[in-house]
Amino acid sequence: MGDLPPSNPVIELEGDEFWPLSEKPFFDVVLTKTTVKPIYQLVVPGKFSATLPSCTIPTFLTFRGKNWEMIYHGSSSYKRLDNWKVFAIDNNLKVGDACVFEQLECSSTRLVFRVQILRGDIPSEFLDKLDGDNVDAPIVLE
């Protein structure tokens, strides 16, 4: 976890509050096995990643007044965030949870996202039936 270097101030809400999204760009991800275990890989959705720089830059996720530093890799075929594992573990993320990433800052030198976590709490009787190993195997509950 790193301190957010000075730039624009970030105002965080305390507690489990949810807040309305601003008019800033955002993307959301429903977490699957690959995003939370064992490889902890977070790929930025294609439509959104097209708006981000095509380079490797420091990135900060902010949630509940804390900041996590990671690296955005925009030059690979799958745009992704490295060091995502620390954020996922620190916030007890599980399969079925969703994260909304609201872009607060985007430049060729850094990215900043404010994150909202939406708990999925999928019943245990369904967890064994879930694939969710990749984007081609979505979570489907009947």
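Leaving aside neighbours within four places in sequence, Phe101 is in contact with Pro25, Phe26, Phe27, Val29, Leu42, Leu61, Trp84, Phe113, Arg114 and Val115, where contact denotes heavy atoms within 4.5 Å. The structure is a predicted model, in which local features need pLDDT of at least 70 and side-chain atom pairs count only at pLDDT 80 or more, while totals for chains, interfaces and linings use all residues. Residues are numbered from 1 along each chain as its sequence is written, and side-chain values use heavy atoms, with hydrogens and water left out.

The protein chain contains four helices and seven strands, arranged from the N terminus in the order β-α-β-α-β-β-β-α-β-β-α. These elements are DSSP runs numbered from the N terminus (helices: H or I, at least four residues; strands: E, at least two). Of the 142 residues of the chain, 40% count as buried; buried means under 20% relative accessible area, exposed over 50% and partly exposed in between (1.4 Å probe, protein chains only). Among contacts between residues at least 6 apart in sequence, 59% join residues at least 24 apart.

The largest nonpolar core has 26 residues, and those with the most contacts inside it are Leu61, Trp84, Phe87, Leu93 and Phe101. Such a core is a set of buried Ala, Val, Leu, Ile, Met, Phe, Trp, Tyr and Cys residues joined through side-chain atoms within 4.5 Å. Two or more residues are given to this core by each of strand E1 (26–30), E3, strand E4 (66–73), H3, E6 and E7. Strand E7 gives the most, with four residues. In soluble globular proteins, nonpolar side chains tend to be buried together.

A search of the whole structure finds nine aromatic pairs. Rings of Phe, Tyr and Trp (its six-membered ring) pair if their centres lie within 6.5 Å, and planes under 30 degrees apart count as stacked, over 60 as edge-to-face and the rest as tilted. Phe63 and Phe87 form an edge-to-face pair, at 6.4 Å centre to centre and 70° between the planes. This pair links strand E3 (residues 56–63), which holds Phe63, to helix H3 (residues 84–90), which holds Phe87, across 24 residues. Phe63 is buried, with a relative accessible area of 8%, and Phe87 is buried at 0%.

Phe101 and Phe113 likewise form an edge-to-face pair, with 6.3 Å between centres and 90° between planes. Phe101 lies in strand E6 (residues 98–106) and Phe113 in strand E7 (residues 111–118), twelve residues apart. Both Phe101 and Phe113 are buried. Phe27, Phe48, Phe63, Trp68, Trp84, Phe87, Phe101 and Phe113 form one aromatic cluster.
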